[in-house]
Every structure is written in structure tokens, then in C-alpha cells.
Amino acid sequence: MKQHDNVGTRSSLRLGFFTALPLADGGYVGGYLILNGVGRPVEFHCTTPVRPTRAQEILYGPTLKPYLLGEQMAPALIAKAKSAAEIIFVSEWEALTLSQVVDEPVALVVSPETSAAVEHESAASGESTRCVYSPIGARAAGTALLECGVLPACQTLQIGRNTLLVPESSVEGITRVQEYLSPWAGAFDLLEPFGRIRAALEEALRRG
């Protein structure tokens, strides 16, 4: 990718953002927003409420949310999009399983509230670093999911002020995007679009 710091080049960039809103009955509604490089919306898609059955809750156990978010809801929304994103950002660690079912690089945007829950653990070989991420209050569950292979092994990358948790399968692609974004890295707040998605989902739920 060539680096040209101009609005035209940034406007042609496509960044995908996926998040899910939990519902009071234990279900979720998901949203996928594609922005161009200047932060303007290109496409938005959302699911209807997804409610797991009691049988699914029992059979999937702690792997249910990664399955629903990363392997069902997010891929379905991405498939609806007419525009292909250069990178897909997610806000929930469970959605990192998306990296196992799509070709685009995937990264978790670590929020200030959860940055303390990103741990760096030296791999047994000593040649790489494994990052374990889990929400505050759920560290043990997140570690267990990673260790049993539900969540992919990850590394951390930085784009400006944004800390990303990146599955190892996505590192090469995200490094290319990181280099491409470097002229504008300081201008990006990669957490902000998730707020837009949540607000849009809440409005859709209110309207029924």
C-alpha cells in the first residue's frame, strides 16, 4: 500500500467494526459498521436479537459466547456487506474467534477499562509472547478459553494511541495496515465507532 496523506486516499480506506449488545434475557444483538478513513459511515448492518436455547447454554458452556459472536453473528453481518474492509476491529475478546472464519485481519481494540486485563506470558520456547485477555472479573474464564484452544493465541500491536490484541494469524495483515495508517495514526480513536454501533442498536431495539 502506498502512503499518501490526503483525504482522497483516506476516504478510500475501509475499516470494519463489530460489537454485540447484551440483552436482558441473555441474548445478543450485533452490529457491523464500515467506516472510511475519515470516519464517515459506508455501511451498517445489524442482526435481529439472537437468543441461545437452554440446550445450547448447557452444551456449549463457556464457549457459547465466542461461538455466537465470532462464528455466527459477525460472519453473517460481514457477508451482507458490499464493501470489503481492510481490517475488522472487535470490542469483545470472545469475538476474536472471528479470525478463524474470515480472511480479513481481525483485532481487538483494548479499552482503558480492560487494558489492565491484558497479560503477557512468555511462551515455553521463549521465542514469542502470548497475550491472555479477559474482561475484569472474568480473567480465569478468558485464560481457560485460550488454553483450551477456543481463543487464538495473540500478540499486541499499537496504532497511535490504540492498543490492539491481534490473533497471530492476523499479525502480518494488520502490520501492513499499521504501516499504511502511520501518517494518520494519531488521529484515530478506534474505540469511538463502537459507541456509534451501540447507540444505533439501542435505537433499533426501542423502535422494535
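A: Strand E1 (residues 15–22) runs parallel to E4, joined to E4 by four bridges (helices, H or I of at least four residues, and strands, E of at least two, are DSSP runs numbered from the N terminus). Within this pair, Phe-18 is opposite Val-90 of E4. The model is predicted, so local features require pLDDT of at least 70 and side-chain atom pairs 80 or more, while totals for chains, interfaces and linings take in all residues. Numbering starts at 1 along each chain as its sequence is written, and side-chain values rest on heavy atoms, without hydrogens or water.

Helix H6 (residues 192–207) packs on the sheet and touches E1, strand E2 (28–35), E3, E4 and E5. The direction of H6 makes about 50° with that of E1 (between N-to-C directions of lines fitted to C-alpha atoms, for helices over the stretch in contact, on a scale from 0 to 180 degrees).

Ser-91 lies in the loop between strand E4 (87–90) and strand E5 (106–110). Ser-91 counts as buried because its relative accessibility is 16% (the limit is under 20%, with a 1.4 Å probe and protein chains only). Beyond its neighbours within four places in sequence, Ser-91 is in contact (heavy atoms within 4.5 Å) with Phe-18, Thr-19, Leu-108, Phe-194 and Arg-198.

With Arg-198, the Ser-91 side chain makes a side-chain polar contact at 3.5 Å (N or O atoms within 3.5 Å, one able to donate a hydrogen and the other to accept it; for adjacent residues, both must be side-chain atoms). A further polar contact joins the side chains of Ser-91 and Glu-92, at 3.1 Å.

Terms used: Buried < 20%, exposed > 50% of the residue type's maximum accessible area, 1.4 Å probe, protein only. Pairing = 2+ DSSP bridges.
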